[in-house]
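These are my notebook entries on one protein chain. I record what I looked up, entry by entry.

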Amino acid sequence: MASNEDAQKSSPPARRWADWFDRDLPDVFRWLEERRPSLLSSGDRIRVEEEVSDGVLRVRAEAPGIDPDKDAHVSVEDGVLRLKVERRQQSQAEDEGRVRSEFQYGSFYRAIPLPKGVDPSDVTATYKDGILEITVPMPEPVQPEPRKVAIGRT
């Protein structure tokens, strides 16, 4: 019976390339998004500060001028904290019969990997003075207990 490695060697290079695109390329993009946000466009990212103290991870995100109930979305999915903020600013001024109108719209996103074992139901978020703060209790490190392995005789 031929091994998987033998089968790969005998398959045409174009087929192996197509398999890589189908199987592995989505993982590469997921890794870039979740682990290396600085490699992606910084124009649509939320600036954040992360701090761990007293067993708690605090993530502070700049989000001035938003309504947190409507414009901010915080979720934990597959071990990743996801922040999305949508800003809509519009101003209008009338001067000597002329109307001047300005507007800005934007959507900002950030994905932050969380340590294994974080309970999503323990994550909380607050908003004050333009700062969105997310609090994540860190899981207790699990120390495996030593186990004696019996040695059998043959």
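**Entry 1. Aspartate 71**

In which helix is aspartate 71 found? I located aspartate 71 in helix H4, which covers residues 68-71. Helices (H or I, at least four residues) and strands (E, at least two) are DSSP runs, numbered from the N terminus.

Before going further, I note that this is a predicted model, in which local features need pLDDT of at least 70, side-chain atom pairs count only at pLDDT 80 or more, and totals for chains, interfaces and linings use all residues. Residues are numbered from 1 along each chain as its sequence is written, and side-chain values use heavy atoms, with hydrogens and water left out.

Is aspartate 71 buried or exposed? Aspartate 71 counts as buried because its relative accessibility is 7%; buried means under 20% relative accessible area, exposed over 50%, and partly exposed in between (1.4 Å probe, protein chains only). I then listed its contacts (heavy atoms within 4.5 Å). Leaving aside neighbours within four places in sequence, aspartate 71 touches Ile66, Lys84, Val85, Glu86 and Arg88.

**Entry 2. The whole chain**

I counted four helices and seven strands in the protein chain. From the N terminus, their order is α-α-α-β-β-α-β-β-β-β-β. The chain has 154 residues, of which 19% are buried. Among contacts between residues at least 6 apart in sequence, 49% join residues at least 24 apart.

**Entry 3. The sheet of three strands**

I traced an open sheet in the order E3-E4-E5, with antiparallel pairing. Two strands pair if DSSP finds at least two bridges between them. E3 and E5 are the edge strands; each has a single partner strand, so one side of each is left without a neighbour in the sheet.

How many bridges join E3 to E4? I found six between E3 (residues 72-77) and E4 (residues 80-95). Alanine 72 stands opposite valine 85 in E4. The two strands form a hairpin with two residues between them, and aspartate 78 in the turn has a positive phi of about 55°.

E4 is joined to E5 (residues 98-113) by 16 bridges. Aspartate 95 has arginine 98 in E5 as its bridge partner. This hairpin also has two residues between the strands, and glutamate 96 takes a positive phi near 50°.

**Entry 4. The sheet of four strands**

I followed a further open sheet, of four strands, in the order E1-E2-E7-E6, with antiparallel pairing. Why is one side of E1 (48-53) and of E6 (124-128) left without a neighbour in the sheet? These two strands stand at the edges, so each has a single partner strand. E6 and E7 pair over five bridges in the antiparallel sense. Threonine 124 has threonine 135 in E7 as its bridge partner.

**Entry 5. The nonpolar core**

Of its 18 residues, Val59, Leu81, Leu83, Ile134 and Val136 touch the most other members. E2 (56-62), E4, E5 and E7 (131-137) each supply at least two residues of this core.

Which residue in E5 is the bridge partner of leucine 83? I found arginine 110 there. Not counting residues up to four places away in sequence, leucine 83 has contacts that include Ile46, Val48, Val59, Phe108, Ile112 and Ile134.

Conventions. A nonpolar core is a set of buried Ala, Val, Leu, Ile, Met, Phe, Trp, Tyr and Cys residues joined through side-chain atoms within 4.5 Å.
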